[in-house]
Amino acid sequence: MDIIEKIRTRFAEEGTTVRLIYINFLVYVIILFSSVLCKTLGTPDILRWLMMPTTFEPFIYRPWTLLTYMFVHADFIHILFNMMCLYWFGRLMSSFVGDHVILRTYIVGGLVGGFLSLLCNEFIFNSYGSLLGASAAVLAILTAVATLYPNYYVEVVFIGQVKLKYYALFFVILYMIFILGGESNIGGNIAHLGGMAAGFAMALTWKKNGFPQQRSTTGIFAKKKTKMRVVYSKHMDDMNYNEQKRKHSQEVDRILDKIKETGYESLTSIERQTLFDESKR
């Protein structure tokens, strides 16, 4: 019981990204052991009830798979790659925006990706298959961050520093090539693009309306963010206006210097919001 309690405590203390990684690995282990048991008993593998069919006829008998498919993986390499990407992109989103939007981005990205794959396979490609893996959900997180902070640099192996907007655009072009080229995993590639489209749409909504409210009353996003606009009086003299503009510029420069020295995670919620507002100018 002590071990279980320690696991529950550690799980509660972790951020959303790490929790999602734990859940994905837990589901993978459960499926792995259940597959061995099912083979021994001669019963159908549990995986078939969790991965999503990409045509309507089998899907209507397993509608829950639109949600479960994004938590199941084919093999260890599959889940390892997806969870590494989830960790990288999830940490970026947590640093820039806050931890509270990661889960909704993951779920919405996975749902949109799965549904788009279902529609396209049913009415365009007429191909049967199954969908599984967190790729669409993870790519939604990447695209959302890239839309909010397109000029942020990330390190890419063998290439060096690349702006997030180009990093995300590379995947869009890659999956389009795979689809148009008739690559075998058409359903998966459509889901990837659907997840990216969801992340893009969510980020645009946040840019316009502000970030969604955090449910916790103690978090840095406890109060709903509202769009604020500074309106200057017709009678405000130029000197006061220029002084405020100069102070704002100095504050942005100070925040950028802080990022260089201690990284984005050291920023306060107010400093992050200041940078976000500046990026929309």
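Predicted model: local features only at pLDDT ≥ 70, side-chain atom pairs only at ≥ 80, totals over all residues.
1. A pocket here is an open set of points on a 1 Å grid over the protein atoms alone, with protein on both sides within 12 Å along at least five of seven lines.

2. Residues are numbered from 1 along each chain as its sequence is written, and side-chain values use heavy atoms, with hydrogens and water left out.

3. What lines the second largest pocket? The lining holds 27 residues, and M84, C85, W88, F89 and Y167 lie nearest the centre. Lining residues have an atom within 4 Å of a point. Helix α5 gives the most, eleven residues. At least two residues each come from α5, α7 (135–148), β3 (153–156) and α8 (164–180). Helices (H or I, at least four residues) and strands (E, at least two) are DSSP runs, numbered from the N terminus.

4. Helix α2 covers residues 16–41, 26 residues in total. From first C-alpha to last, α2 reaches 37 Å, close to the 38 Å expected at 1.5 Å a residue. That expected span is 1.5 Å times one less than the number of residues. Just after α2, G42 takes a positive phi of about 75 degrees.

5. Which parts does α2 pack against? Its buried residues pack against α5 (76–96) and α6 (102–125). Among the buried residues of α2 are L20, N24, Y28 and C38. Buried means under 20% relative accessible area, exposed over 50%, partly exposed in between (1.4 Å probe, protein chains only).

6. T17 lies in α2. T17 is buried, at 6% relative accessible area. Leaving out residues up to four places away in sequence, T17 touches L86, Y87, G90, R91, D99 and I102. Contact means heavy atoms within 4.5 Å. The C-alpha atoms of T17 and M83 are separated by 9.3 Å, though 66 residues apart along the chain.

7. N189 lies in helix α9 (residues 186–209). N189 is buried, with 3% relative accessible area. Its side chain reaches the backbone oxygen of N185 at 2.9 Å.

Technical notes
Polar contact = N/O pair within 3.5 Å; in protein donor to acceptor, adjacent residues only side chain to side chain. 1 Å grid on protein atoms, 1.4 Å probe; cavity = no way out; pocket = protein on both sides within 12 Å on 5 of 7 lines; lining within 4 Å.
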